[in-house]
Amino acid sequence: MIACEAMKKNICICGGGGLGHTVSGYLSSKGFSVNVLSNRANLWSSELEIYDCKNRVIKGQLNIISDKPEDVIPNSDIIILCVPGYLIAETLEKIKCYLKKEAYVGSVVSSSGFFFIGQDVLPMGTKMFGFQRVPFISRVKEYGKSAILSGYRTQLFLAILNFENNGFNKMLEMMFDTPVRLLNHYLEAALTNSNPILHPSRLYSLFKNYEEGEVFASEPYFYEEWDDDSSKILLACDNEFQQLISHFNINKISTLLEHYESSDLFSLTTKIRSLKPLHGMKAPMKKVLNGYIPDFSDRYFMEDIPYGMLILKILAEHLNVQTPMIDNILLWAQKHLNEEYLYYDKLQLKVKKYIFDPYCFFENFL
């Protein structure tokens, strides 16, 4: 019954990155009617090929591909955002006037501000859903035509807002061919110790002593060459994260040692280095005349710091939770991103409305 109902749903994928390609191709290969909203719609083919880690070629046939929301949103029952944090507000603003009242609006990952921004931008009562972590590890192979799916999840964790489940998680389970466990509160997906601290910790370890003009001879591997310093920084951030979420009446979120089945920073280093789906990914750098320099325009900087770690800091300051390691990373990052997040360890006034108004959030939540 759920499978039959799901197949009747029209789906729109917003975004043209690795996840946008992979989710579009995967769902359309299963027979769903899939539309794509992309700023580079003219570069897309209606046929997508997904090369996965099981040596399969998954072929999907897309319905409508457009850069105009009016072409793809009005008839969509489920809209899934596959965009970085800095494009969430812009994307929701573009689609909100075309949403059906009963449509579900979701995000492929929730830790970059989706639930906070969505409640501010979307019409009151909009049905929202989001995954705690992305369903696939993926990247674009040839833009608009193919993608690499290098890793599946064994299970997915889902948060919903403004509607009762009534089998919604089972429908997504069938769509993604993966068990989907329903979380008790959207904060369990919105606040995670995944990318918002994982990527910034590694970036800080790699580039904390970088000075303009310095050139690196090569690009280090992000995960394969993960070191104990990166683990030490990451675990310090996770400790601060755990202190923060202890102030909310939500279910426990596993520590990173628990998540990675590790006992200390040394075993964590070994574990992260061993994650084969992440092998081959290099640190965000760009080629210059004599080597490489950090690419501060990369999404690891532009998403995971202002739309990941900074959200944690906004909440922590409001709750008087001390975050010395997170502060160190933000103070370092703001110099290279030409931003002003903190003055010493205190948020700048303008940052308090950078993502969402924490006062309104706490008034509604507590």
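Visitor: Why is F222 called buried?

Guide: F222 has a relative accessible area of 1%. Buried means under 20% relative accessible area, exposed over 50% and partly exposed in between, with a 1.4 Å probe and protein chains only. The value of 1% falls under that limit, so F222 is buried. Please note that this is a predicted model, in which local features need pLDDT of at least 70 and side-chain atom pairs count only at pLDDT 80 or more, while totals for chains, interfaces and linings use all residues. Residues are numbered from 1 along each chain as its sequence is written, and side-chain values use heavy atoms, with hydrogens and water left out.

Visitor: How do you know that Y223 is buried or exposed?

Guide: Y223 has 3% relative accessibility and therefore counts as buried.

Visitor: Which residues do ring pairs link into a cluster?

Guide: The cluster consists of Y204, F207, Y210, F216, F296, F301 and W332.

Visitor: What makes the charged end of R40 sit over the ring of Y143?

Guide: A charge sits over a ring if NZ of Lys or CZ of Arg is within 6 Å of the ring centre and within 35 degrees of the ring normal. The charged end of R40 is 3.9 Å from the centre of the Y143 ring. By the same rule, the charged end of K141 sits over the ring of Y51, 5.2 Å from its centre.

Visitor: Why are β3 and β4 called paired strands?

Guide: Strands (E, at least two residues) are DSSP runs, numbered from the N terminus. Two strands pair if DSSP finds at least two bridges between them. Strand β3 (residues 47-52) and β4 are antiparallel and joined by 5 bridges, so they pair. E49 stands opposite K59 in β4, and the partner of E47 is Q61.

Notes:
Helices (H or I, at least four residues) and strands (E, at least two) are DSSP runs, numbered from the N terminus. Rings of Phe, Tyr and Trp (its six-membered ring) pair if their centres lie within 6.5 Å; planes under 30 degrees apart count as stacked, over 60 as edge-to-face and the rest as tilted.
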